[in-house]
Amino acid sequence: MLKSFFRLAIRSIILFAVSFQIFATTQLSDLQYLPQDQNYDADIPLPADVLGYPVGTWHVRHDQLVRYMELLAEKSDRITLTETGRTHEQRPLVLLTITSPENHENIDTLKATHIDSIANGTAKEPDAPLIIYMGYSVHGNEPSGSNAALLIAYHLAASNSPEVDKLLSENVILLDPALNPDGLARFAQWANMHKGQNLVSDPMHREHIEHWPSGRTNHYWFDLNRDWLLLTHPESQARIEQFHKWRPHILTDFHEMGTNSTYFFQPGVPSRKNPWTPSQNVTLTAALGEFHAKALDADKQLYYTEESFDDFYYGKGSTYPDAHGSIGILFEQASSRGHLQESMNGLLSFPRTIQNQITTTISTFDGAVANKAAILAYQKQFYRDTRKLINDDELSGFLVSQGADESRFERMVDILKSHKIELKLVTQDIEVDDFTYRANNAIFVPLAQNQYRLIQSLFSERQRFTDNTFYDVSNWNIGLAFNLPYAAIKPSLSRKLKLADWQSPQPKKVNIVENEYAYVFEWFDHQAPTMLQSLLEHDVQVRAAGANFTAKTPRGEIAFSKGAIVIPAALQQPDALASLLNGYAKQYNIEVHTITSGLTTTGIDLGSPQLAKVEKPEVLLIGGKGTSSNEVGEIWHYLDTSLGVPVTIWDLSDLGSRSVERYSHIIFASGRYDDLSDSLTKRLETWITEGGVLIGQKSAVTWFAKNDWINNETVSKDTVNAAFSTKALAFGDQDALAAKKLVAGAVYQSNIDLSHPLFFGFERNMLPLFKTDNMVLNVTDNPFEDIATYSSEPLMAGYSADEMQALIRNTAAIVAVKKGSGVVIGFVDNVHFRGYWDGTNKLTANALYLSGLM
């Protein structure tokens, strides 16, 4: 013990000497970040022992962070490390379970007992452990959290103070040190590559201004802090699996914000919480906030609370827990966006940002211990209150129809099940509101289950709110997102339902033989375009049907819908065509039909000119500075991971100096395009008229209109502003007025023309669109171009001011204009929103593969 003491003392003296020498450049030693008088175990390595420098000297790379956590798990009997998954870039997602050695020996029992008490609403024993989940840096360029996690892990592994001994003997800490490894790695590289021996605090220095895309996002440029509910990405899927294995009492979410800010901790604006979140959640969050305030006061740090930010959208890290009886807490630290930067509050150093995250991490522990009885009681009360809500509800659940798109429906089911939502298969036809939910083709989601509140939010059609200001979206209705018919069911009707346990669909039987006349598969399933792309990669010659037909097969006559993919043997096909079809039909679970004759019994024959040749698309996606990285990433993600299309991405700045001749399709997301040269727009127009397909969404459509590539006009900002009266408003009403003009995230109904190839594979002439801005596109006099328009009562769910609804009703939602041999397609809304709005994903697939029919 004496030997360990002297080793620790010598190491502390050396680190203090180093830190004193560089203190003028704002660097701290590892131990200077942490509480004093901890009697740290000298056998536990400090981060500096592994990194080679104190935390905060450089931005930690993810591989360094993981190596240190692995070493701690090897050295400390308080820590176990679990790899919970892998990112898109195959970086490990790690979770540290930190508790006393005695608790580790009994950890499975502790976990099971805790989960059982939640499921059954039973009272917790006073000595039951709190489960405290500490999550850091879901945004990669907000790295103070992940760097703080290094020192927090050390503190919990090495401290022999009475406070830490009590914390770990009576509770379980789950430490998730890097929620976004790919983004963290991208930003660490950026910040480190621009650091000189002399730190530059000038905000205009390249270090502080990331190039496109920033490190905020993951590999596909998605904001992972919007994905907790949507589960588009492996990082979120792994995290939610762990959340439900543990169901923590507290979950923290450490962020950064603008450099000129101070420090924020929740509660946020009280009126902006989700209505399904109990008020007691806010009360307990405020009780914990007193400990953050006390700790930051002691360190003379500026902070604020109950301002900005909200707890409405259940897809964020600080709000998802609130739907489950947990307490989610958001922390926002002013960001140095590098190593040192000037701010209105003085020089802000990277070590200072790390220090504040450490301070509020420890205050979270202190507050949790002090409020343990109330926090334990809250989960039980949450269960009881939920049961009362269920008993008082006039609804018993929701019916959802599958339709012809099996894979899209199955993905929705997977999301529900990942959130531990129970569902049943409907085994007998039932009619609701003039729509028949077919046996074995629909599910019932009962409300009488522990996930009642989350289910209510997932099927919410609420349009009016106590506070109409939203930090994020105001709706995420899963039925609308997947464009599936659904109905709210009252108990009287639910008692008539014939139900069984849900079973995943059985694989379709595949038996495709060689040398038949032709092969056909339908276009309804979301995997159909993926299978088509796979066949095109193997040089299979295919045709897309522009009209319905009924063909002869060995099983008799079968009717096929427009959009069906026909593979005629008469064309030059690769060897072993049947083997290829068998393989892909099994892989994508797509039924392929054998056709015995080109002469059909009804509709077009198989040599008809209405069977258009489908070419393998060569796609150019425009990104770079001036474009929305989130939207570009969403498009890239869909093309790459869903369709299997290799996508070429250019920076917008390169568009004027390169030839676009090799590309069949060019896609523009939202961006700033007004400064592009006339010569460039003329070259693009020539490319379109010679057969190119130009696709754009949101502000890109405004640019299309200005170039007369479409015949619609965008409603001006002045017209939007004029729709809102300012009479009797005061200076303090400005923010509320600005919020009314926004459409931050609401669902609008459009009426679509099912006869247009862009809508082949869609089953209903109504399509829910997710609207995220107040752009309005007037209709033309040409119904063959305005192929989707918003309905006369367009708002389906979420908040939009009455004035905005009046402006948007009956205007254009989707346009498709023939120009020469090419086509221009404009989407007023984001059709790939967060990789979740599956109901509109297929519009891009149709634009790629069915443009020959337009």
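Modeller: The conversation below covers helix packing, strand pairing and salt bridges.

Colleague: What should I know about the model and the numbering first?

Modeller: This is a predicted model, in which local features need pLDDT of at least 70 and side-chain atom pairs count only at pLDDT 80 or more, while totals for chains, interfaces and linings use all residues. Residues are numbered from 1 along each chain as its sequence is written, and side-chain values use heavy atoms, with hydrogens and water left out.

Colleague: At what angle do α19 and α25 pack?

Modeller: Helix α19 (residues 629–643) and helix α25 (residues 838–849) pack at about 80°, and their axes are 11 Å apart. Helices here are DSSP runs of H or I with at least four residues, strands are runs of E with at least two, and both are numbered from the N terminus. The axes are lines fitted to C-alpha atoms, for helices over the stretch in contact, with angles running from 0 to 180 degrees between N-to-C directions.

Colleague: How does that angle classify the pair α19 and α25?

Modeller: The two helices, α19 and α25, are therefore roughly perpendicular to each other. That class spans 65 to 115 degrees; under 35 counts as roughly parallel, over 145 as roughly antiparallel, and the rest as oblique.

Colleague: Which residues of α19 and α25 meet?

Modeller: From α19, Tyr638, Leu639 and Leu643 meet Asn841, Lys842, Thr844, Ala845, Leu848 and Tyr849 of α25. Contact means heavy atoms within 4.5 Å. The residues of this contact between α19 and α25 divide into six nonpolar, two polar and one charged. Ala, Val, Leu, Ile, Met, Phe, Trp, Tyr, Cys and Pro count as nonpolar, Asp, Glu, Lys and Arg as charged, and the others, Gly among them, as polar.

Colleague: Changing topic: is α21 mostly covered or mostly open?

Modeller: Helix α21 (residues 699–706) is mostly covered, with six of its eight residues buried. Buried means under 20% relative accessible area, exposed over 50%, and partly exposed in between (1.4 Å probe, protein chains only). The buried residues are Ala700, Val701, Thr702, Trp703, Phe704 and Ala705. They pack against β27 (665–668), α20 (678–689), β28 (693–697) and β33 (822–827).

Colleague: Which strands pair with β31?

Modeller: Strand β29 (residues 746–752) pairs with β31 in the antiparallel sense over five bridges, and strand β32 (residues 812–819) pairs with β31 in the antiparallel sense over three bridges. Pairing requires DSSP to find at least two bridges between two strands. Thr789 in β31 is the bridge partner of Asn751, and Thr789 also stands opposite Ala812 in β32. Strand β31 (residues 786–797) has nine of its twelve residues buried.

Colleague: Now charges. How many salt bridges does the structure hold?

Modeller: The structure holds 33 salt bridges, each a side-chain nitrogen of Lys or Arg within 4 Å of a carboxyl oxygen of Asp or Glu. One of them joins the side chains of Asp802 and Arg464 (2.5 Å, N to O). This pair links distant parts of the chain, 338 residues apart: Asp802 lies in helix α24 (residues 802–808), and Arg464 in the loop between α14 (452–458) and α15 (478–481).

Colleague: Are Asp802 and Arg464 buried or partly exposed?

Modeller: Asp802 is partly exposed, with a relative accessible area of 48%, and Arg464 is partly exposed at 44%.
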